Amino acid sequence: MLFRSLAAAAAVLAVSSPVAAQDVDLRAQVAAFIQPTNAARTDVVVSQLRAAGFDPVVETFVGGETDAPMEGRNVVITIGDGPREILLTAHYDAVVLRDGSMSQGVVDNAASVVGVIEAAKILRTRNLNHRVRIILFDQEELGLIGARKWVEAHGLTNVAVVVNSDVAAYGDTMMYGLNNGAQSTGVVRAVREVCAERAMNCVGFPVYPPSDDRVFSGAGLGRQSAPGPVVPTISLGFQDHVGAHQMWLAFNGGQNTGLAEGFVPQVFQLIHSHGDTMEHVDPATLKLSGETYAAVVERLDRQLSQ
Ligand SMILES: [Zn+2]
């Protein structure tokens, strides 16, 4: 388990090195999301945004199931101004497990939330031509409900592009989905350029698991292909290099993946289980995801302004 020993080493280094002090902080920010309810997680999002100097707006909606409505809360901040918007999104809610308890929801998806907040802190120092709207969605795990409700309430007239993050807690390899429609070609190119510029490992997935991105791209969930809004959209995540390729094979390898029979990529053993714990959260990835997401948004801002 190379990753575990690396994480342990990073934790030790973090205690002794002032450079890593902020990393400890980022990890603590993720750990703060371990709460008994999603409502308590809302409070964590709001307080972390306030602590970072932002002024978050909580947008409530009626979500849940048709026969069991449940109030949900999307948390939103905006940076800069401009006639068109770039959305940078991640869900903060955790899934309720089969035994009725809540997942700790750190890999899926508090780590992305902390990465997105880091990106927001970078982006507010930049001169942007677009308004950047950071949306931290609720009720993703119930069927992308927070994102759907946001679109219902606001429409997408002024939305130029959507960048979503789901599962970004460990590893140095950024994964991106290629299944958000032909209108997303430009954002895919921008992501690839950032990968090249930053000399990062990146892996594009022709088939990539769904997250809130599907609400914006009209790509649906596979089984339900009701036409929705069509906006250039990309879904990003992080994983270790080997795990990213194993996951690529599992989703895209067809009949003969070469993976052992019954093989389940590690990340799918962790998420939506009691195994989604802080042991799998690497502060280096949180820092990397924040910097990379900011770079992607900046590049999109420039390209879409030309
Ligand atoms: Zn998720």
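Two strands count as paired if DSSP finds at least two bridges between them. Helices (H or I, at least four residues) and strands (E, at least two) are DSSP runs, numbered from the N terminus. With that settled, I looked up Leu 87 and found Val 162 of E5 opposite it.

**Ground rules.** I'm working with a predicted model, where local features need pLDDT of at least 70, side-chain atom pairs count only at pLDDT 80 or more, and totals for chains, interfaces and linings use all residues. Residues are numbered from 1 along each chain as its sequence is written, and side-chain values use heavy atoms, with hydrogens and water left out.

**The sheet.** I traced eight strands in an open sheet, ordered E1-E2-E4-E3-E5-E8-E6-E7, with mixed pairing. E1 (57-65) and E7 (201-205) are the edge strands; each has a single partner, so one side of each has no neighbour in the sheet. I get an average twist of 25 degrees from one strand to the next. For angles, axes are lines fitted to C-alpha atoms, for helices over the stretch in contact, and values run from 0 to 180 degrees between N-to-C directions.

**Strand E5.** I checked E5 (residues 159-168) next, and it pairs with E8 (residues 233-239) in the parallel sense over five bridges. There, Ser 165 has Leu 236 in E8 as its bridge partner. E3 also pairs with E5 in the parallel sense, over six bridges. Is E5 mostly covered or uncovered? It is mostly covered, with ten of its ten residues buried (under 20% relative accessible area; exposed is over 50%, partly exposed in between, with a 1.4 Å probe and protein chains only).

**Helices on the sheet.** Helix H4 (residues 106-123) lies across E2 (68-79), E3 (85-91), E4 (131-137) and E5, at about 135 degrees to E5. Helix H8 (residues 241-252) lies across E6 (173-177), E7 and E8, and runs at about 10 degrees to E7.

**Asn 74.** I found this residue in strand E2. Asn 74 counts as buried because its relative accessibility is 2%. What does its side chain reach at 3.0 Å? The backbone nitrogen of Asp 138. A polar atom of the Asn 74 side chain also lies 3.0 Å from the backbone oxygen of Gly 146. Leaving aside neighbours within four places in sequence, I listed the contacts of Asn 74 (heavy atoms within 4.5 Å); among them are Val 57, Phe 61, Ile 135 and Trp 150.

How values were computed
A polar contact is a pair of N or O atoms within 3.5 Å; within protein, one must be able to donate a hydrogen and the other to accept it, and residues adjacent in sequence count only if both atoms are side-chain atoms.
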